[in-house]
Structure formats: C-alpha cells, structure tokens
Amino acid sequence: MHLLHQRGPLHDLPDDPAAYDAVLAGVTETALARITSEGSLENPAACDDVGDTSLGITSLLALAWHRTKDPRLPEAVRLSLAFHLRSRVFTEDNPGYPNLTARDTGLPYARYVLEAGAHPIGDWPSTVWALLQAVNVLDAADGLVEEEQYRELLGVAGGYWRWLTEATVFNPQDAANQAIGCVVGGLMLARHLPAEEGEPVRQRALRLYADEIRARRVRDRGAPLPPEHGGAYDNNYGPISLSFLAQAHRVSGEEVFAQDGETLARYIDARVCGSGFDIGGPRYSEQHSAFESVLGLRYFGRRIKADIGRYAGDARWARHAVGADGGVDGHFAFMLVWQIQDTTGWHRAPSTAPARHQLRSGTVTVSFDDRMTPSVIEAGGTVLIAAAVNRQHGFGPVTDGFLLCRPMGAVRVADRRVGGLAAKLVTKPVVGRDHVLRRVRSLYVTDGTRLWTTVVVERLDGERYLLAGMPYVTADGDRFRRVGDFPLVAAAGELRLTHPLDGPDSFDARSELTQQQAAFALAADPRGYGDPDAGWRHVRTTSALEAGPAPDAPEGLDVFAVRYGPADSGRLDLVCERAEDGLVVRTGSFTAVLGEADEHGEPRLTLTTART
C-alpha cells in the first residue's frame, strides 16, 4: 500500500509563467462551464470549507484576465462577485458559534458550512480565507470590477477584518496558520484604505502578530515556532504557516516576518528527509499540504539557501484544492494567486551546514527530536521511524525492557565532516530503573549512501539490545510505499526483526495500516480533531529492529553497532577499543575517536577516512 498524502517533492512542479498560465486556463474553462445563472462558482460536491470558495475562483479568474485579457472573463468575475456579496456574506450570528465576544454586531463573516448552526466551529478560519480571497479580488479590480462593486467588496472585507479582530476570540483554534493568515489579510486590506484608515489596520495587524502569535511561540528542537493546534509543528499546517509568513513579508517588508520565516524554514530543513518524507504533528502525523506550501518553501528556501522544496506534498492538490469529485475548488485559492505573483525560483541545492537536530548527506538522513534521539532515519531509500517497547518510544539501548534514551541532564553534540564523510556524536546522561546514571554515547557516520550507528554505554545487566528503529516506508517512484522489513541492514552483534502480537495498542509494520490511522485510533478525540502524536504515545509495542551487543567490547562497556543501507556484504566488521586519546571506533570505511570532554564539557570527536 502507498501513503495517501505524501507524494512527489514540491519543487518538481514546473513553476514558469507558461506552466501557471496553463493552470489558469484549466481553471477558466472549468469555471465558465460551472458558473450558474446566479453566479455561483462553488464545486457542487463541496459541503464544508465552502463559504469562501466561489470568491476564490473569482480571484483566479481576475488574475487570469490580467494575464490573458480573455474577453469571457469580465462578465464572469462581476457575476460571481455579485453572487458572493448577495448570498455568501452572513451578518446574523451563527447559532451555536462559541467564540463570540460581542453578539448581534451585524458584522459580516463567512460560514464553514452554509446551513445555520450545522458546524459553526470553522467560521473563524473560513472568514480569514474569505478576507484573503476578497483582498486578492480588490488587488485585481482595476479595469475589471466596476466602482460600485469594488466599494461594496471593500466594505465587506473591512467588516470581515472587524469580525475577526473585534467580535470573536482571536485565533480560537490555536492554529498559527489561520492567525498569520488573518494578519496578512489586515496588511493587504490596509493598502486599499485611505491612509488615515489603513494605517491603524496595519498597526493592529502587526500588534496581533507580535502579541498573539509571536509571543506564544513554542520551542521544538531548539527553534521557537508558531503553534499549530496545540503543538509546535504539524506536517500539514507548518509549511502553510511558512507561506503566510512569506506573503506577510512580501506585502509589508517587515523584517520580523523574514526572521521568523527563516527560523521555521531551517527547522523544516532539519527535520525533513532527503526524499521529502516527514512524520509527526498535533493534528496530522502524515498528511502534507501541497500548493499551500509552495510559496513559503520556495521563498524561504532561497533565503536560507536550502532545498526545502524536496518536501513531499500531496500531489492531488498540486496546483489548487480539489473537491470530492476531483474538480477544482476555490478553497485556499489565494495561495495559488500569491505563488503565481511571486517569481522567486526554487533553491534545489541541499544545505551542507551542520545542524544540531539533523545529519544528512547524499541519500542518508537522520532527523533528531528534542532529546537528540533519532525520530527518522532514511538510508537505502527506506525510512525507519522510532520503535516502541513497553510504551517507550525511540532509538537506543534497552536493558531488561527499559529504553535508555531520555536524558537526565545536558545533551552534548559534536559534528565533523572529513572527505566524503559526515558524522555526529551525541552524548547524554540517562537514568535507568535502577537509578544509576549512565553516559550514552551515540556516533552516527555516513558516506552519503550508508549510515553507521555506534552506541556505547556502561555495561548493562540482563537482556540488552539496541532498539534500532521500525521500517516504515520506502521510496517508490513519486510515492512512498509501506514496508514491514528492512533488508539493507547489518549489525556487529545478533540482529533480529521482531513483530508484536495483535492488539489495539500494538503496531505491526506489515499491516495495511498507517501510523496516523493507528495513532488516531488511540487518541482521545475524533480523527481530524485529536492529537495523533498523543495517540501514538499510547502504542505499547511495535515492529522493531533489535541489535545485540558487539562481541569483544572494551571491558566495562556495551557497544551496539548497526549499518543501514547497501553494502558489499551482509557483515558489519567493527572494532571498538580504548586508546590513549579516547575510545576508537574503526570500520573498513572510517576511524572515529571519541575523546574525553574538553574543559567546557563538550565531547571531542576525531574522524578520519580509511584512505587517510
């Protein structure tokens, strides 16, 4: 089976003017065939996320007219704009909406579901989207929209802004992508108002960003990030926030948006595999956005000089949203407008600067979590995610069922690059159930094709092994295919691949079930509203690679060694021995010396290739 959402890298999509003109031409023909006598451009199959969608298609038609001057478009734009103003602007409070701070204001808003009281919780983001569609139409109104319609739309857009910032709780879903989108709407609206009206709107938008978004950032892997649905980062919404930050910087020139966008972009670069695969998030573990992410990934990828465009988006939404029937939908159309207007080109060269929470070279990637434990390892085209034993998740030594990967003190990191090798040494103090403090040293070395992992710890008692990950997906053309084994692996000690017994809190990688589906089954809330990461933490045991200790380890130490990726033989010949300058780890490809800490407690790492 294939993953549903993660498909090809987004930077593979052509983004030249001709390609975008072709996209707009397709939208134009669909819209002209769909438009009703009342002017509706909504997808007939849509039932939610619908309050702004006709206006979104209108904005695309307006952009297309400026690029092509197609004589069929002015009437369609005016007719569909009239439909939105007449039939999709609501001024009576939606029954059951829980986030109002002022009742019966008469201010306009957009509904997530058109039927009164049917599903009002989504009205705040739907109104943000309607505001953004409206300002895009206002931007394209010159020579296309008559003055009376322009003034009416401008008044509605101003009303949307007031409803979002005065009549309701700001950002009620704790979703930064929605909140930054609202700020962008205010910044773009301000440009259409007289200076005495526009400047207060602009300043209000900047204050909201500073006080309600930036001040509430959450740290993950060392980076302060805009929170998404209660977590620091979400695979679907995080890159969408990056796109909103890009547009905020484009329209305002405020340096704070550039700084925060670069921080988020570097974070994405650190966690995404070379293939574009990623996993984890408070709303969707595996779902990825597509065209909604392009602007931010492209804009900030070039600013930080990193290939974050390899992010594997959902190719079904490669250019614009689609409805249940596969037809074009106006949802998030503002993002397509902005990415067409922005001429930044993709930066496709990978960043080679060392990053604390990532080791990547060639086709090998190790992404580390906040504890500097691998969260994802990719080698040989296959991805391993953290395995679980006795409800403990991660990569690391296990002794009598206890996983030693949670630090009890400062985690130290040293990076080295020599010749074609890249290495990272992670040292962390850990405490087991016996309350003994142990030092775990984990060395990761890659030549861009293979990854050697060597873990050294004081001699453990009882049954002991290295929990070395759970095989999960492999690259299969422009898709990711689920796998349940990983043949390209060797160990210095005994190596086994284990699978759990059936059970609701067990995960067998051979099953036709995704991690996200299993996580939602154990989450406290319904699918789509809960936290799949929290649900996944309830998993008791998973399929797992387990590597026994290497023979002939130095006295008093356990050494676990695994090589991931293709090799000439299935054996891993590794020597670990003490020397005057530290602990020496030697293979046929490299020699690493793990020296004692320096005067500041930082680890010393020396790396040489087999040829030097």
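**Close-up 1. Helices H2 and H4 pack against each other.** The axis of a helix here is a line fitted to its C-alpha atoms over the stretch in contact, and the angle between two such axes runs from 0 to 180 degrees between N-to-C directions. In this predicted model, H2 covers residues 53-68 and H4 covers residues 123-139. Their axes sit 9 Å apart, at an angle of about 25°. Angles under 35 degrees count as roughly parallel, so that's what we call H2 and H4. Their crossing is left-handed. On the H2 side, the contact is made by Leu 55, Gly 56, Thr 58 and Ser 59; H4 brings Ala 130, Gln 133, Ala 134, Asn 136 and Val 137. Sort these by class and you get 4 nonpolar, 5 polar and no charged residues.

**Close-up 2. Here's the largest pocket, with about 1,200 Å³ of space.** It is lined by 43 residues, and the closest to its centre are Asp 49, Tyr 112, Tyr 237, Tyr 284 and His 331. H4 shows up again: it gives the largest share of the lining, 3 residues. Helices H6 (176-190) and H8 (237-252) each supply at least two. By class, the lining has 18 nonpolar, 16 polar and 9 charged residues.

**Close-up 3. Next up is the second largest pocket, at about 870 Å³.** Look for Arg 221, Asp 369, Ser 375, Asp 533 and Arg 537, the closest to the centre among its 32 lining residues. Helices H9 (255-271) and H13 (532-536) each give two or more residues to this lining, as do strands E5 (374-379) and E8 (392-394). The lining splits into 10 nonpolar, 10 polar and 12 charged residues.

Terms used. Residues are numbered from 1 along each chain as its sequence is written. This is a predicted model: local features need pLDDT of at least 70, side-chain atom pairs count only at pLDDT 80 or more; totals for chains, interfaces and linings use all residues. Side-chain values use heavy atoms; hydrogens and water are left out. Helices (H or I, at least four residues) and strands (E, at least two) are DSSP runs, numbered from the N terminus. Angles under 35 degrees count as roughly parallel, over 145 as roughly antiparallel, 65 to 115 as roughly perpendicular and the rest as oblique. A crossing is left-handed if the near helix is turned anticlockwise from the far one by less than a right angle, and right-handed if clockwise. Contact means heavy atoms within 4.5 Å. Ala, Val, Leu, Ile, Met, Phe, Trp, Tyr, Cys and Pro count as nonpolar, Asp, Glu, Lys and Arg as charged, and the others, Gly among them, as polar. On a 1 Å grid over the protein atoms alone, a cavity is a set of points where a 1.4 Å probe fits but cannot get out, and a pocket is an open set with protein on both sides within 12 Å along at least five of seven lines; lining residues have an atom within 4 Å of a point. Grid points are joined across faces, edges and corners, and a volume is the space filled by probe spheres set on the points.
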